[in-house]
Amino acid sequence: MFDIDLIPRPLLLDGGLATELEAQGFDLKDKLWSARLLKDSPLAISKAHMAYLRAGAGCLISASYQASIPGFMSLGLDAEEAESLIRSSVTLARQTVDEFCLETSPQMRPLVAASIGPYGAYLADGSEYRGDYAISRQALKEFHRPRLAALVKAKPDFLACETIPCLTEASVLSELLVEFAAPGWISFSCRDGKHLSSGETISQAGVLCTGNPYVFALGVNCSSPAHVESLIDEIKKHWSKRIVVYPNSGERYDARSGHWHGTTSAASCASAAAGWQQHDADIIGGCCRMGPSHIKAIGQALSKR
């Protein structure tokens with residue numbers, strides 16, 4: 001895997017993969033979400049990745065957030081086929097980076113982070129924003145281990161454990177990073193400027209992960225941008241390594257109507273990102289409803305500083 005000491009500061013991440021796939025016209029109302037397209041339309045994933053690279057992203061996050069072996073087996077695949085699809089998420093991202101490098105000859109080759117979503121993403125019931133899993137710690141580890149094994153085998157630059165709602169799941173993933181000797185970050189879903197979705201404080205995450213040589217960054221994703229500066233300050237109370245932030249746009253989703261409410265311009269997200277950088281975040285990007293235009297604007301704001 002990539003030498004994490006060589007990760008540039010700041011590192012600009014991509015935006016919401018599902019956001020760009022929906023812009024292509026795909027309906028992602030499925031338990032596997034964008035991961036379904038690893039089977040049905042891998043070229044669409046490559047196209048979405050390329051849109052973010054052309055917007056200036058220096059790191060792609062793979063389409064494996066909602067991918068899992070039991071999830072793919074529910075489609076009638078066997079375990080070996082499911083593992084192959086999970087590995088293909090990294091392969092697709094790497095192939096898109098190769099194509100981009102041939103096209104543009106960038107100063108630094110963009111990186112690939114393999115996404116590891118929470119157990120709640122597999123459940124597809126919104127519990128990644130609550131953390132109220134009715135599952136033991138050991139069962140959580142047994143769920144995550146095969147997917148990590150598949151992704152590590154695909155040789156990403158590092159892992160992205162993201163939208164984690166509670167400290168128990170963060171602790172399990174932290175231990176698995178050690179088990180696989182794989183560097184990665186852990187980013188949380190948060191309800192406000194101090195608390196994880198579970199209600200636990202994000203400052204406790206710094207205590208939990210300090211001393212783990214494989215967790216190179218902590219942070220927050222898919223949470224309101226209004227809370228990010230406060231969350232960064234809370235993380236720094238017990239954490240001295242890198243900080244990763246890639247919130248959503250701040251718009252609100254109405255599950256009943258299936259519509260988003262509110263508007264957030266690329267310019268306002270870029271202005272906010274400059275503040276995140278000033279508060280010491282140095283891995284910065286976007287999540288849901290943050291498209292290529294947002295990432296381009298954020299990159300321009302970061303370069304000015």
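Analyst: Burial is read from relative accessible area: buried means under 20%, exposed over 50%, and partly exposed in between, with a 1.4 Å probe and protein chains only. Here Phe158 is buried, and Trp185 is buried as well. This is a predicted model, in which local features need pLDDT of at least 70, side-chain atom pairs count only at pLDDT 80 or more, and totals for chains, interfaces and linings use all residues. Residues are numbered from 1 along each chain as its sequence is written, and side-chain values use heavy atoms, with hydrogens and water left out.

User: How many aromatic pairs does a search of the whole structure find?

Analyst: Rings of Phe, Tyr and Trp (its six-membered ring) pair if their centres lie within 6.5 Å; planes under 30 degrees apart count as stacked, over 60 as edge-to-face and the rest as tilted. The search finds nine such pairs. In one of them, the ring centres of Trp33 and Tyr65 are 5.9 Å apart and the planes stand at 70°, so this pair is edge-to-face.

User: Is Trp33 buried or partly exposed?

Analyst: Trp33 counts as partly exposed because its relative accessibility is 25%. Tyr65, at 10%, counts as buried.

User: Why is the pair of Phe158 and Trp185 called tilted?

Analyst: Their ring centres are 5.6 Å apart and their planes are at 50°, so the pair is tilted.

User: Which residues do ring pairs link into a cluster?

Analyst: Tyr119, Tyr122, Tyr133 and Phe143 are linked in this way.
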